[in-house]
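This briefing is for a reader new to the structure shown below.

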Amino acid sequence: MTKNTTNTKRRKRVRWAAMRVLLGTVGRASAGIRIGYRHGFDSGSMLDYVYVNKAGGFPVVGHLIDRVYLNAVGWRAIRARRELLKDVLRKEIARRGSGDSEAGGGAGVRVLDVASGPGRYLQDLLAEYEPGTLHVECRDLDRAGLAQGGRQAAERGLTGISYAYGDALDPAPASPAPDIVVVSGLYELLLDEAVIAASVARLRGMLAPGGVLVFTTQTHHPQLEFIANVLPNRDGVLWEMECRPVELAEQWAAQAGFAEVASRRESVGLFTVTTARR
């Protein structure tokens, strides 16, 4: 290792340490950054705050910091991913509800999100449909996020949505079997690709005949180094993510036995949404 390389690494360590101190002190004037330190910057509670996209925190300075934080490219892409995900789900719900599937029509469409957090985007989606036409189950390991989602749904007077503690990578069977299973924002947090491939195959087995798995992939992120050196995740360690080509995500689905696989990219360009039909 050359002297220049050693000096460069040392400067980076100093810079990241300074950023951690700055964010953990001054940055806490931002409501969003406080949520990140309390629940993890990768948590469902954090995503719920990002979805609302309303700056908060201490007056003036806190709001300004929070607005800069919420405007970060990653969070803009998360919000764009949500809109694309909702559009994909609307199309799948319409297809399923019209009977254009092996078991479609009649009993309402069942959606299971295995790593939902509070599930605000699912609440928004559910509000678009007549009662009884859509049934949503939200699962997560984050009990605080599940409780938050339950309160939000009750405040909105929503029926047809339930919350349950559950491991996305070891999911309990659902009865009746879901028509649509969603995995949003999880696989990019997993560094072992074999674990992801196994999850895709396992979720295929949970679907009703003709059902569809909808999952997201992060293909690019310009701030990965910053995130991995500054922001703690829900486990209190620095948050590492993995970017992967969408072709690999589609390969997992094909290898799991899905017959029809397609992907779309959100408008910011960091994420894709893949549909894989059983």
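**Charge**

The protein carries 36 positive and 30 negative side chains, and the centres of the two sets are 8 Å apart. Lys and Arg count as positive and Asp and Glu as negative, while His and the chain ends are not counted. Each charge is placed at NZ of Lys, CZ of Arg, CG of Asp or CD of Glu.

This is a predicted model, in which local features need pLDDT of at least 70 and side-chain atom pairs count only at pLDDT 80 or more, whereas totals for chains, interfaces and linings use all residues. Residues are numbered from 1 along each chain as its sequence is written, and side-chain values use heavy atoms, with hydrogens and water left out.

**Overall form**

- The protein has 10 helices and 7 strands, taken as DSSP runs numbered from the N terminus (helices: H or I, at least four residues; strands: E, at least two).
- The C-alpha trace spans about 65 × 45 × 30 Å along the principal axes.

**Surface and contacts**

- Of the 278 residues, 47% are buried (under 20% relative accessible area; exposed is over 50% and partly exposed in between, with a 1.4 Å probe and protein chains only).
- Among contacts (heavy atoms within 4.5 Å) between residues at least 6 apart in sequence, 73% join residues at least 24 apart.

**Aromatic rings**

- Rings of Phe, Tyr and Trp (its six-membered ring) pair if their centres lie within 6.5 Å; planes under 30 degrees apart count as stacked, over 60 as edge-to-face and the rest as tilted.
- By this rule there are 6 aromatic pairs.
- Y69 and W75 make an edge-to-face pair, 5.9 Å centre to centre with 70° between the planes.
- Y69 is buried at 11% relative accessible area, and W75 is buried at 8%.
- Y37, F41, Y69, W75 and W239 form one aromatic cluster.

**Residue A262**

- A262 belongs to strand β6, residues 260-265, and is partly exposed at 41% relative accessible area.
- Not counting residues up to four places away in sequence, A262 touches E250, V273, T274 and T275.
- A262 and H39 are 223 residues apart along the chain, and their C-alpha atoms are separated by 34 Å.
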